[in-house]
Amino acid sequence: MEQKRLVNLVLWPVALLVLNSLWMSVAGGVAPYEINDVDQDIETRTVELESVFGLTKEMPAEMEVEFTGVSVDDGTVSWIIRDASNSVIAQWTGLLSEGPPNWSGALEPGTYTVETTVDEGIVAEQVLQIQPFESYRLEGHIILSICLFLVAFGEVFIRQKAEIFMAKRVKSNPSRAEKSPFKPLRTGMPDDDLSLDEDGPWRSPIGR
């Protein structure tokens, strides 16, 4: 019993570590939203960011942008992000030669529009990277740890109650030894031990 309790004391911290490690990996996960790529024309894209657990916390976001000149060496490029109320969240305008104009910030759940404009002969690759669970990293660690502790103490409580119930049941209904259907043999000759049935085939011989 003591060895089993010692094993449990070791397993629960390990389970806590594994569970929080898994949540850390999930919280750091990225959801990519492709805006434009080289195989399609430049378009105005609508992005729907769903809320997490019905909450409206801002989510870390990053716009990865790469403009490439196909038939020209330089030109004007720009992009702009607007929310549902048409307010500008982020924007950039410049030249192809100025390098990739990436952006990072935070976006609340909702509807966004990404408008991209380039001169002829230029193609764009744009991906909006969202980390939907990053804003809830701390809350997730706390909630998962509390749930694990509740399960641990609940398991101990239920096991103790079960042991008490079984002890009371055994005490109120003690087991009784079953009677053997065979009579113990007496020491001596077998003829003395066998109870002969006078009506059976092994009855005593009838005197003549």
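This is a predicted model: local features need pLDDT of at least 70, side-chain atom pairs count only at pLDDT 80 or more; totals for chains, interfaces and linings use all residues.
Contact here means heavy atoms within 4.5 Å.

Serine 145 sits in helix α2, which covers residues 137-172. Leu16 and Asn20 are what serine 145 touches, once residues up to four places away in sequence are set aside. The link between asparagine 20 and serine 145 involves their side chains, which make a polar contact at 3.5 Å. Are these two residues buried or exposed? Buried means under 20% relative accessible area, so asparagine 20 counts as buried at 13%, and serine 145 does too at 17%.

Next comes the nonpolar core. The largest one has 24 residues, and Met63, Phe67, Trp79, Ile81, Trp103, Leu107 and Leu128 are those with the most contacts inside it. Two or more residues each come from β2 (45-49), β3 (59-69), β4 (76-82), β6 (103-107), β7 (110-118) and β8 (122-130). Of these, β3 puts in the largest share, namely 5 residues. Methionine 63 shows what such packing looks like for one side of the story: leaving out residues up to four places away in sequence, methionine 63 touches Ile35, Trp79, Ile81, Asn102, Trp103, Val114, Gln126, Val127 and Leu128.

Aspartate 74 is found in the loop between β3 and β4, and with a relative accessible area of 36% it is partly exposed. What does aspartate 74 contact, apart from neighbours within four places in sequence? The list is Leu95, Leu96, Ser97 and Ile122. Leucine 95 lies 21 residues from aspartate 74 in sequence, yet the C-alpha to C-alpha distance is 6.7 Å.

Asparagine 86 is in another loop, the one between β4 and β5 (88-95). Its phi is positive, about 70°, although the residue is not a glycine. Exposed means over 50% relative accessible area, so asparagine 86, at 51%, counts as exposed.

How values were computed. Residues are numbered from 1 along each chain as its sequence is written. Side-chain values use heavy atoms; hydrogens and water are left out. A nonpolar core is a set of buried Ala, Val, Leu, Ile, Met, Phe, Trp, Tyr and Cys residues joined through side-chain atoms within 4.5 Å. Buried means under 20% relative accessible area, exposed over 50%, partly exposed in between (1.4 Å probe, protein chains only). Helices (H or I, at least four residues) and strands (E, at least two) are DSSP runs, numbered from the N terminus. A polar contact is a pair of N or O atoms within 3.5 Å; within protein, one must be able to donate a hydrogen and the other to accept it, and residues adjacent in sequence count only if both atoms are side-chain atoms.
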